[in-house]
Each structure stands twice: as C-alpha cells, then as structure tokens.
Amino acid sequence: MDRSDKGILVVVSGFAGTGKGTLMKSLIREYEGYALSVSMTTRQPRQGEAHGREYFFVTREEFEEKIAQQGLLEYACYCDNYYGTPREYVEACLAGGKDVILEIELQGALKIKKQYPEALLLFVMPPSAAELYRRLLGRGTESEEVIRKRLLRALDEARGIENYDYIVINDDLQTCVKQMHHMIRAARNTPARNMEFIEDVRQQLDDLLKGEK
Ligand code: 5GP
C-alpha cells in the first residue's frame, strides 16, 4: 500500500467567533485533497446559510432517527441544539484518500479521538478574549443572551484545549490557512499514521536479506 493512499481525519474546534468557518472554506479552496464534512443540526439556519452547504438543518425527530440508525460518527448537544457528523460521507472520503475536515466542538472531538486515534486535533484560538467578543458582536446575527451563552461555553471549552495536538491562532487569515495546511501535511508523515507502510518496508527488507543468503 502506498503511504498516501489513505486520508486522515482532521478535527477543527474553536470557540464560536474565531473564524473557523472562513478558515476551512479558504483551506479547501486553496489546497487540493481536502473534503469538508457537512454536519447535521437541529438549530435554526442563520441568515445566508443554506441547507446542505453549512449544515443539514433537520428537526429533533429527524436527528434522533439518524442516531438510532447509527448514521452519525459522533454527536453532541451544544447550546440546546444537537450537532452531529454524518458517517457515510466521511468514510467514503477517507477511503478515497482525502483528508476530511470535521469542524466540531470539544465533546465531539474527544469522541472522534477515541474512535480514530490517528485523527489530528486542531484548536483555533482568537488572538485575545477581547477580540473574540468583538467578533461575536460584529457578526450581528445573535442576541446578547446567545453571545453570553457562547462566551460561557468558550470558557468551558478553553479547559479542554490540552487534548488537542496543535493550537492555531487566527490573527491573519492567510497565514493561518497556510499554517494549518502545513500541520496537516506534517501529520500525515508521523510513524503512527503510517504503520502499514512501515511494516511493508520492514517486510521487504527482510525478504531482500533472505533472498541474498
Ligand atoms: P454554530 O451553531 O456556531 O454553527 O456551531 C456551534 C458549535 O457546534 C461549533 O463549535 C461547531 O464547531 C460545533 N459543531 C458543528 N457541527 C458539529 C458536529 O457535527 N458535531 C459536533 N460535536 N459539534 C459540531
């Protein structure tokens, strides 16, 4: 097996307002070999969001049906709504050699790491808390109460950052996208993610030596 045959799962988390969505869209536009998983959610679409592009927007009943069918790789409840990763698309992309990006929160990230120990976990951080607040306000799509809930949640999630492989600070978008791409490329070459290839070469060496005797 060629070592670049199989893609890896890349989990990207970060507080709301850190610009993860924009980052991911730029990464996929600028570099080849990535696929972005579209999650399912029970939250209402925001202005400008489309079904099947940002999310699959479904009812609570539809979501629970998907859970019952084992159709989700993971799911979590975040700010009173369900969010989950449809299984089929992710598995097909990985088999096809693509690196699949999951933009999900901490609980989901930990569930993925358990199922796929070779997954790469990245956490996007704002340059400062003040900047995060400014970005959340600037988005103008949420009420003061929702923003507060998200800041509280951010504080909670900040305690889980140690579980990630790398942090990415989103100050300048272009720099950040480039950094992420390089982290993912580098991760594909760790021994732990290439054991099949390594074992193959070891076996070939062994065979070669035996042949020489
Ligand atoms: P938002 O409502 O701002 O789009 O997303 C809220 C949070 O849910 C974000 O932290 C986002 O990363 C997370 N999220 C989106 N999709 C999924 C998913 O499929 N699973 C999990 N566990 N979290 C998700």
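1. Which residues lie nearest the centre of the largest pocket? In this predicted model, Gly21, Arg43, Arg46, Tyr55 and Glu103 hold that position, within a lining of 36 residues. The space in this pocket comes to about 930 Å³.

2. Several secondary-structure elements contribute to the lining of the largest pocket. At least two lining residues come from each of strand 1 (9-14), helix 1 (20-30), strand 5 (72-78), strand 6 (81-86) and helix 6 (144-158). Helix 1 provides the largest share, with 5 residues. Sorted by class, the lining comprises 13 charged, 13 polar and 10 nonpolar residues.

3. The largest nonpolar core contains 29 residues. Those with the most contacts inside this core are Leu9, Val11, Val90, Val100, Leu102, Ile112 and Tyr116. Ile112 may be examined individually: setting aside residues up to four places away in sequence, Ile112 touches Leu9, Val11, Leu73, Glu74, Leu102, Ile104 and Ala119.

4. Met180 belongs to helix 7 (residues 173-187). Is Met180 buried or exposed? Met180 counts as buried because its relative accessibility is 0%, whereas the limit for that class is under 20%. Beyond its neighbours within four places in sequence, Met180 is in contact with Val12, Leu23, Met24, Leu122 and Val168.

Definitions and conventions
Residues numbered from 1 in each chain as written. Predicted model: local features only at pLDDT ≥ 70, side-chain atom pairs only at ≥ 80, totals over all residues. Heavy atoms only, no water. Core = buried A, V, L, I, M, F, W, Y, C linked by side-chain atoms within 4.5 Å. Buried < 20%, exposed > 50% of the residue type's maximum accessible area, 1.4 Å probe, protein only. Contact = heavy atoms within 4.5 Å. 1 Å grid on protein atoms, 1.4 Å probe; cavity = no way out; pocket = protein on both sides within 12 Å on 5 of 7 lines; lining within 4 Å. Points joined across faces, edges and corners; volume = space filled by probe spheres on them. Helix = DSSP H or I, 4+ residues; strand = E, 2+ residues; numbered from the N terminus. Nonpolar A, V, L, I, M, F, W, Y, C, P; charged D, E, K, R; others polar.
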